[in-house]
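Subject: The structure, and what turned up in it

Hello,

Here is the structure we talked about, together with its sequence. Have a look at it first, and then read on for what was found.

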Amino acid sequence: MNNLDPIALECLAAVIEEGGFEKAATRLNVTQSAVSQRLRALEAQVGSVLVVRSRPLRPTAAGQLLLKHTQQLRLLRTDLEQELYSLMPHSARRTAHDEAISIAVNADSIATWAIDALQDIALQQLPLEIITDDQDHTLELLRTGEVLGCVTTMPQALRGCRVAALGAMHYMAVAAPGFAQQHVPSGLNRSNFKNLPFLSYNRKDDMQRVFVARAMGLKTVGLHQLFVPNSEAQVRAVAAGWGIGVVPELLARPFLADGRLVNVAESQVLRVDLYWHCWNLQSALLSQLTDAMLRTAKASLAPATPAARATAST
């Protein structure tokens, strides 16, 4: 298939990324009618419906393929712009903030180590977009072409992608000293966990249930949950006495050191291995991004298990 219109491809991406025609028109600074016309022309050229006009709007399988293709074109353009800028550093640098280079990272990684990994790329003023989702679900965003890389718990590479082990985050159950003294003076156990509030990120987050099930030697558990969709805010809420949190040791460390939190299940630590997945493409930016993620994770996280090796699938 030849000569796909790059303007129409960006129009398709805007519709999918913004979740609708009106917001896409605003982003592209055109009328909603123009967005519809460009999308219809692209669908006619491809010979397939690309977007399901539903609520919420969603791409078809063909739409996902073209979205991935558009993301790859963005990556190539960014590589070219970086190389041109290195040759002519005094020239004006193009910043296409409507053509974001997107990655998906779980909230706990953002709160602990991932921002440090992205520091150099952000300072280059590249149009970086970080999408947050649960570490068990970020891989789906890579599968659908919405992002070029992701941090996930899944070790197996998707077709056309490569994967490398980042290391492991260790999770512990913590509470405010007053809360612990009143509700779990002898620690978390089978007789008290069912009556206690546990803080979770959102309804996708099953970290607390997994932790408690393993600590109690049970297959499954039901918990009373409070939802706080921010890792740092969740730790602060636990320190304020809202309930028990199962949080990364990296995030809890300063709170434990100054006594604002206490460990209520000292014999139990949940290890979560993390992996970096990205497209298997020759790209200076993608290589820079991958190197930064691996370097920073190595300095911040526990070593990967011996079985966790970098692999690629083609």
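In H11, the buried residues include Leu 251, Ala 252 and Phe 255. Buried here means under 20% relative accessible area, exposed means over 50%, and partly exposed is in between (1.4 Å probe, protein chains only). Helices (H or I, at least four residues) and strands (E, at least two) are DSSP runs, numbered from the N terminus. These three residues span an arc of only 80 degrees around the axis, so they sit on the same side of H11; the arc is that of the directions from the helix axis to the C-beta atoms. Among the elements that cover the buried residues of H11 are helix H5 (107–117), S6, helix H10 (231–239) and strand S9 (244–248). Just after H11 comes Gly 259, with a positive phi of about 85 degrees.

A word on the model before going further. It is a predicted one: local features need pLDDT of at least 70, side-chain atom pairs count only at pLDDT 80 or more, and totals for chains, interfaces and linings use all residues. Residues are numbered from 1 along each chain as its sequence is written, and side-chain values use heavy atoms, with hydrogens and water left out.

The overall picture

The protein chain has 12 helices and 12 strands. Its C-alpha atoms fill a box of roughly 70 × 45 × 35 Å along the principal axes. Of its 314 residues, 48% are buried. Among contacts with a separation of 6 or more, 76% are between residues 24 or more positions apart, where contact means heavy atoms within 4.5 Å. The accessible surface is about 15,700 Å², and carbon and sulfur atoms account for 52% of it; these areas come from the Shrake-Rupley method with a 1.4 Å probe, and for residues only the protein chains shown count as cover.

Strand S11 and its neighbours

Strand S11 (residues 270–279) is mostly covered, with nine of its 10 residues buried. Which strands does S11 pair with in the antiparallel sense? One is S5 (residues 149–152), joined to S11 by four bridges. Another is S6 (residues 161–175), which pairs with S11 over 10 bridges. Two strands count as paired if DSSP finds at least two bridges between them.

The nonpolar cores

A nonpolar core is a set of buried Ala, Val, Leu, Ile, Met, Phe, Trp, Tyr and Cys residues joined through side-chain atoms within 4.5 Å. The largest one has 56 residues, and those touching the most other members include Trp 113, Leu 166, Ile 244 and Leu 289. Leaving aside residues up to four places away in sequence, Leu 289 touches Ile 103, Leu 118, Ile 121, Leu 148 and Trp 276. There is also a second, separate core of 20 residues, with Ala 8, Leu 9, Ala 14 and Ile 16 among its members.

Salt bridges

The whole structure holds 10 salt bridges, each a side-chain nitrogen of Lys or Arg within 4 Å of a carboxyl oxygen of Asp or Glu. In one of them, Arg 27 and Glu 17 have their closest N and O atoms 2.8 Å apart. Arg 27 is in helix H2 (residues 21–28) and Glu 17 is in helix H1 (residues 6–18), 10 residues apart.

Arg 253 is partly exposed at 43% relative accessibility, and Glu 249 is partly exposed at 24%. Elsewhere, salt bridges that share partners join Glu 10, Glu 17, Glu 18, Arg 27 and Arg 74 into one network.

One last residue

Thr 132 lies in strand S4 (residues 128–132) and is partly exposed, at 36% relative accessibility. Not counting residues up to four places away in sequence, Thr 132 touches Val 105, Asn 106, Ala 107, Ile 110 and Tyr 201. From Thr 132 to Val 262 is 130 residues in sequence and 28 Å in space, C-alpha to C-alpha.

Best wishes
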